[in-house]
Amino acid sequence: AVGSTQSTGTQIKEASPVQQDVVRVHKRRSRSRTGSTERLLKLTTEQKCDIAQREHDELREEINKFKHETEKILDTYRATREEAEIRLAEMKKSSYEFNRDIVLGAKNLRTGRVVAERVTRYFEDKMRSRKALIEKLRLKNSTLKVQKKKLQLQLKQKEEMGEVLHEVDFKQLRIENNQYLEKIDERNQELLKLKHSSGNTLQVLNTYKKKLNNLTMESNRLKLEISQRNELLTKIDKETELVEKEREKAESVNANLRRQLQDYIVPEVIDYVQVRADLYEL
């Protein structure tokens with residue numbers, strides 16, 4: 001029994017602080033139950049109920065306290081993990097920028113060595129950016145401290161004025177919170193319906209857009225064809241005018257020839273023979 005007690009004590013010492021608190025609470029509860037068993041046998045039912053109720057309240061208070069402490073530890077772990085992730089991302093980014101700007105980008109093409117001036121300038125730029133970030137965080141920290149003091153002052157004023165919330169107020173706030181959560185759920189359902197309707201409307205709109213695009217392409221094709229037809233029609237009109245002018249000119253020549261033909265008098269045969277003879281003698 002002594003060995004088991006010592007091993008149990010060793011396990012408690014090796015366990016985490018939260019686990020040690022749980023074990024202590026359990027052992028204290030066990031001792032209190034063992035020591036008070038005989039006394040409870042002599043108590044009335046009402047007294048037993050009262051003691052059990054107090055025991056239950058104390059246990060619930062300790063569980064709530066343990067839960068609160070556990071949540072604080074979990075928040076600390078989450079914050080540490082987030083900080084580590086941020087630092088890892090920053091280190092990866094810095095490593096990539098260093099390889100890009102210095103290892104690969106700062107080499108002398110003739111000697112193949114890294115230019116010292118560019119390395120110095122790189123680290124000076126990094127230091128300036130770090131100083132600027134520190135100053136920015138310092139200002140933000142100062143702003144948060146001012147806000148914290150302001151909220152603490154407001155809380156102190158409310159406590160002095162008796163406006164501290166009691167359990168009834170918390171219950172009322174919890175009821176109102178549940179009502180707001182129900183309203184938020186209703187609004188979310190309406191939002192989902194609207195998103196579904198918007199999706200259907202978007203599909204119809206895309207369909208009409210495709211149709212409009214096809215009709216626009218067809219309209220452009222028809223406009224091009226109409227333009228080509230108009231150009232061809234203009235060309236035909238010009239050719240028609242040219243042909244019409246040539247026709248009028250031909251008709252004028254034909255009319256002139258007809259008048260000459262009508263005025264022409266055929267000579268007698270003897271006159272023709274005489275003219276030919278005169279030509280022969282010449």
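Me: Before we look around, what makes up a surface patch?

Reply: A patch is made of residues with over 30% relative accessible area and no salt bridge, and nonpolar side chains are joined within 5 Å. In this predicted model, V269, I270, Y272 and V273 make a nonpolar surface patch of about 440 Å².

Me: Let's take one of those residues. Where is I270 found, and is I270 buried or exposed?

Reply: I270 sits in helix 7, which covers residues 269–281. Its relative accessibility is 60%, so I270 counts as exposed; the cut-off for that word is over 50%.

Me: Thanks! How many aromatic pairs does a search of the whole structure find, and how is such a pair described?

Reply: In general, the distance of the ring centres and the angle of the planes describe a pair. Here the search turns up 1 aromatic pair. The ring centres of F98 and F123 are 6.1 Å apart and their planes meet at 50°, so this pair is tilted. Because F98 belongs to helix 4 (residues 45–104) and F123 to helix 5 (residues 116–160), the pair ties together parts that are 25 residues apart in sequence. F98 is partly exposed at 27% relative accessible area, and F123 is also partly exposed, at 44%.

Me: Where is confidence lowest and where is it highest?

Reply: pLDDT is the predictor's confidence in each residue, from 0 to 100. The protein chain has a mean of 77, with 80% of its residues at 70 or more. Helix 1 (residues 2–14) is lowest, with a mean of 42, while helix 4 is highest at 86. Over residues 1–15 the pLDDT stays under 50, and over residues 36–40 it is below 50 too.

Terms used:
Residues are numbered from 1 along each chain as its sequence is written. Side-chain values use heavy atoms; hydrogens and water are left out. Patches are made of residues with over 30% relative accessible area and no salt bridge: like charges are joined within 9 Å, nonpolar side chains (Val, Leu, Ile, Met, Phe, Trp, Tyr) within 5 Å. Accessible areas come from the Shrake-Rupley method with a 1.4 Å probe; for residues, only the protein chains shown count as cover. A salt bridge is a side-chain nitrogen of Lys or Arg within 4 Å of a carboxyl oxygen of Asp or Glu. Helices (H or I, at least four residues) and strands (E, at least two) are DSSP runs, numbered from the N terminus. Buried means under 20% relative accessible area, exposed over 50%, partly exposed in between (1.4 Å probe, protein chains only). Rings of Phe, Tyr and Trp (its six-membered ring) pair if their centres lie within 6.5 Å; planes under 30 degrees apart count as stacked, over 60 as edge-to-face and the rest as tilted. Contact means heavy atoms within 4.5 Å.
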